[in-house]
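Here is a friendly walk through a few parts of this structure. Have the view open as you read along.

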Amino acid sequence: MTQNFINIDLPSGNNFTALKKTGLAMLSVGMLFFFISFTSVTEVSPLLFFILSIILPSAGALIFFFAQLKSSLPGVKKNGIQFMSATNRGLLGWTIAVFLTGMYILIYWFPELLENLIRIFDPLSIALTGNPSNQWFLYGTLYTIAVLVMGVRMLIHNRHNKYQIIRTLSVMFVQLTLAYLIPMFIQNGFFFSYFWPLKQEYLFPSSYEYLSASGGVGMFMFFWAAVMSFIATPVLTYFYGKRWYCSWVCGCGALAETLGDPYRHNSDKSLTSWKIERWMVHSVLVIIIIITALLWIDNTNDNFILGEFVHSANKWYGFFISAMFAGVIGVGFYPLMGSRVWCRFGCPMAAILGIFQKYFSRFRITVNGGQCISCGNCSTFCEMGIDVKSYAQRGQNIIRASCVGCGICSEVCPRGVLRLENGPLENRFELNKEYLR
Amino acid sequence: MSENILIIGNGITGITAARHIRKMSSNNILVISSESEYFFSRTALMYVYMGHEKFENIKPYEDGFWKKSNIKLVFDHVTHINTVQKQVNLSSGNVLNYDKLIIASGSRPNRFGWKGQDLHGVQGLYSLQDLKLLESNSRNIKKAVIVGGGLIGIELAEMLLSRNIEVTMLVRESGYWNNILPEEESQMISRYIMQHHIDLRLSTEAEEFIGDENGRVKSVITITGDHIECQFIGLTAGVSPNIDLVKNSGINYNRGILVNEYLETNIIDVYAAGDCAEFQNAILFRKNIEQVWYTGRLQAEALAQTICGNRTAYSPGVWFNSAKFLDIEYQVYGLVNKNIPGEKNLYFENDEGNKSIRIVYTDESVIGFNLMGIRYRQEVCEKWIREKYSIETVLENLGEANFDPEFFRQYEYYLIKKFNSLNPGKNILLRKKRKLVNSLFNNSAQS
């Protein structure tokens, strides 16, 4: 395709406005400075380079989205998404995937190569925490900026849909406060928005000892973690489905729903991938439950014969699952496998929430009578790879363990067939015979 | 004993018939199509052109489904039907025998004999082949003219806009689709079309298409004498049954293949359904040729019963349809804009003029709902119409019908306020607004 397909909403070819060009120019120059910041030239003024390579491109992107707002009417914005190289696994998509994957590898295992880049975050880090920046401060800041900037894009693209507006504001707010600012201020790296088993170590004996040693605040944090994992999770999932967490609170979800939104259609919808997903995600859950249990047994029993094994298993889990899977693949593969690779195939928290959602929750997606035209938009834009239309065209409620309740299927449905609902548990699976096809 | 069921056409009608016959029997089922190897959603072709979906995404079933369901698909074209020997001839030279034949050959775009209608760059939009042609016809063009309003017309306009092509629409009626939509809704969509920078010209028609030296269309002249330059003409002035294949077969046809209420033709064991079928006696308030996705499916469901030994008349129940005009969704249930004697209309439109609720009712009961930009539950609206609920009862319970996503603004209150002000002495209160709290703790069927 030779034409420019970025957000074509008005005809006559002049919608590539000066404002859009300005935004793109700032973004491009800012990206250039981002790469320059890998060199020691940043020593001249870390603050200046922070402004040039972080603030400038963010502002450029925001100006570009604002220009889109100005030049389009509210409504579904998916024109050309299957044609654009950046979003259809084309040259640009692969480039972005390699770049993201590479950044994760550098941050996790080769931070010394990022030394100059890390230094430009010093002014912000000192302002927030009193300490110089490190790779995790760099990571957390870039992550939060991505959620906020791309969150604005999500808000603009979905401005006709109040569910999306409120939900997007929620993930942006939670990421900025619970997962960024508050952990910075209290300085022990505790996130109030992540729980066991996604943050497996929060309920490890080591955490208990560390937090209880730090007095009342520490005890509160451990108490918070335990309550969220064992009481809030089942109760809230009973009422709202897993969406209360996965697409409203969770930081992984926040990035998927903002930075990952342009890639949601790249998730595989086949029955085969569904099968792989069920095996993988539940295996991870079983493994982390066993590791956690064995760590506690080891903790209370000096002569535990599996002691050494379980500590090494925990290390390998941390490397393969938490770092490689959740981080590197989970985000790096957005442009290739959609925005929820980790949530779908790996997250043990999603597995638990999914089991509750499937068997003990009031949540479902209801189908409006016999109005489905099998157009496939719902399935195409399901980030979790659920073949939504296979249910909708039969007039059957969608109750799937993996559904994160993002509500996009309902939004893109051109016939108003789908609605996210909380209703009575009885007869949830029962088919409406009158409309069953 | 299992029979050979031959189905011509793999659209929604043919495929629904095949699937339902498979559910009820072990007959040999064979579906012939020269349009596509696999069933796809015709209504979704637009999303492929606009780049929302890939063609793979608009196939309702994975390719392996057909083998698993033991439904045989043949990619070939029927050239002749021999109803005496119960055979069909195919383009490939093959001859297939049948015990029962279902014709579901669909429609094709109307061409009213305009001068120049065969020029390059002039086309309709119905089939997969039409979409491929559109892809090449619309490449690197600047300006298109669409002849005809209606659903395909506005969809084609939306498609062309997505490729930065300027669009002029020539519509015979005085308001967009106002033979179907009531006046206010037609005005709303007309306004909305113009907001999208589509040059909507009402009460006009195409007179002639002019070509250039290469036989490619370069302009259109309207009946009012306007001369509009363009590089593409979309013909969307309705569709007609695709019935070439029954000519010289002894099967009776008029505009479509003539059938009774059991979808039986004049020839035993030959049936027709969907867009290509014409009822000898139309159902009250319905057309004798129904060209809608939903009616094709409902006809096929009735026909599948008949084929499997349970002779069932097509009795579709309360009318419903839905569509999307650019970004405004449309749903209709029951009788709207039919000028039923004694009908009254209660209409509410929001201040922005892009959402509306209309309830049509008589002194006895409600008879129709028309929604723009607001989703209502089919199940609830149908029940109210079928069981003849009074307007007062419906208004009190209107919250139950709302199907919009959570947090959306609800307008039922305003509609009722309007009803009360128009009917002095009435003081109807909205009994159950759809609220999150209700949906959490309420155990009735609707939440």
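Let's begin in chain B, where Val88(B) has Leu96(B) of S6(B) as its bridge partner. Strand S5 (residues 87–90) of chain B and S6(B) run antiparallel and are joined by 3 bridges; strands here are DSSP E runs of at least two residues, and helices are H or I runs of at least four, numbered from the N terminus. Two strands pair if DSSP finds at least two bridges between them.

This is a predicted model, in which local features need pLDDT of at least 70, side-chain atom pairs count only at pLDDT 80 or more, and totals for chains, interfaces and linings use all residues. Residues are numbered from 1 along each chain as its sequence is written, while chains are lettered from A and ligands numbered from 1 in the order in which they are written.

The open sheet has 3 strands in the order S4-S5-S6 (chain B), with antiparallel pairing. Its edge strands, each pairing on one side only, are tabulated here.

| Edge strand | Residues |
|---|---|
| S4(B) | 78–82 |
| S6(B) | 95–97 |

Now to chain A. Helix H9 (residues 216–240) of chain A packs against helix H16 (residues 348–359) of chain A at an angle of about 45 degrees, with axes 9 Å apart. Axes are lines fitted to C-alpha atoms over the stretch in contact, and angles run from 0 to 180 degrees between N-to-C directions. Among the residues of H9(A) that meet H16(A) are Thr233(A) and Tyr238(A); contact means C-beta atoms, placed from the backbone, within 7 Å.

Key. Two residues are in contact if their C-beta atoms, placed from the backbone, lie within 7 Å.
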